[in-house]
Amino acid sequence: MEEIHANLIDRLAEAKEQGWLGEVAAIKTTIAAAAQKLEAMRTLAGQHTATDLGMPELRSALGRSCSSIRSVQSAGKSGPTLGPGSAYF
């Protein structure tokens, strides 16, 4: 933004030398807007604030809730059972 502001000042000098009055007025307006933006950027850069992102909810991260597990258990459905000597790998 500082480079843009400096470039606009150079363009303003050139427009004045060439006598481009309409261009001079437009560049002055743009310089004022760029200066205002630079000031806002400097103000924001001086503020050190943290953003609270919150804690994720474990149930929504897993894609299921305790109530859906309970409903499956109460319906008489159970998970896989292991026989003697069986193991999960």
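Student: Which residues does His5 touch, not counting residues up to four places away in sequence?

Tutor: His5 touches Ile31, Ala34, Ala35 and Leu38. Contact here means heavy atoms within 4.5 Å. Please note that this is a predicted model, in which local features need pLDDT of at least 70 and side-chain atom pairs count only at pLDDT 80 or more, while totals for chains, interfaces and linings use all residues. Residues are numbered from 1 along each chain as its sequence is written, and side-chain values use heavy atoms, with hydrogens and water left out.

Student: What does pLDDT stand for in practice, and what is its mean for the protein?

Tutor: pLDDT is the predictor's confidence in each residue, from 0 to 100. The protein has a mean pLDDT of 78, and 66% of its residues reach 70 or more.

Student: Which elements have the lowest and the highest mean pLDDT?

Tutor: Helix 4 (residues 66–74) has the lowest, at 56, and helix 1 has the highest, at 94. Where pLDDT is low, the predicted coordinates should not be read in detail.

Student: How many helices and strands are there?

Tutor: There are four helices and zero strands, and the pattern along the sequence reads α-α-α-α. Helices (H or I, at least four residues) and strands (E, at least two) are DSSP runs, numbered from the N terminus.

Student: Back to His5: where is it found, and is it buried or exposed?

Tutor: His5 is found in helix 1. His5 counts as buried because its relative accessibility is 19%; buried means under 20% relative accessible area, exposed over 50%, and partly exposed in between (1.4 Å probe, protein chains only). The C-alpha atoms of His5 and Leu38 are separated by 8.7 Å, although these residues are 33 apart along the chain.

Student: Which residues make up the largest nonpolar core?

Tutor: Seven residues make up that core: Leu8, Leu12, Ala15, Val24, Ile27, Ile31 and Ala34. Helix 1 and helix 2 (21–46) are the elements that give two or more residues to this core, and helix 2 supplies the largest share, four residues. A nonpolar core is a set of buried Ala, Val, Leu, Ile, Met, Phe, Trp, Tyr and Cys residues joined through side-chain atoms within 4.5 Å.

Student: What about Leu8: which residues does Leu8 touch, neighbours up to four places away left out?

Tutor: Leu8 touches Ile27, Thr30, Ile31 and Ala34. Leu8 has its place in helix 1 and counts as buried, at 7% relative accessibility. Its C-alpha atom is separated by 8.4 Å from that of Lys28, a residue 20 positions away along the chain.

Student: And which residues is Ile31 in contact with, again leaving aside neighbours within four places?

Tutor: Ile31 is in contact with His5, Leu8, Ile9 and Leu12.

Student: A new topic: how many salt bridges does the count come to?

Tutor: The count comes to two salt bridges, where a salt bridge is a side-chain nitrogen of Lys or Arg within 4 Å of a carboxyl oxygen of Asp or Glu. Glu2 forms a salt bridge with Arg42, and the closest N and O atoms are 3.2 Å apart. Glu2 lies in helix 1 and Arg42 in helix 2, so this pair ties together parts that are 40 residues apart in sequence. Glu2 is exposed, with a relative accessible area of 53%, whereas Arg42 counts as partly exposed at 46%.

Student: Which residue meets Glu23 in a salt bridge?

Tutor: Arg11 does, at 3.2 Å from N to O. This pair links distant parts of the chain, with Glu23 in helix 2 and Arg11 in helix 1, 12 residues apart. Glu23 counts as partly exposed at 33% relative accessibility, and Arg11 is partly exposed at 39%.

Student: Which residues make the nonpolar surface patch of about 270 Å²?

Tutor: Met1, Ile4 and Met41 make that patch, and Ile4 has its place in helix 1 (residues 2–18). Patches are made of residues with over 30% relative accessible area and no salt bridge: like charges are joined within 9 Å, and nonpolar side chains (Val, Leu, Ile, Met, Phe, Trp, Tyr) within 5 Å. Accessible areas come from the Shrake-Rupley method with a 1.4 Å probe; for residues, only the protein chains shown count as cover.
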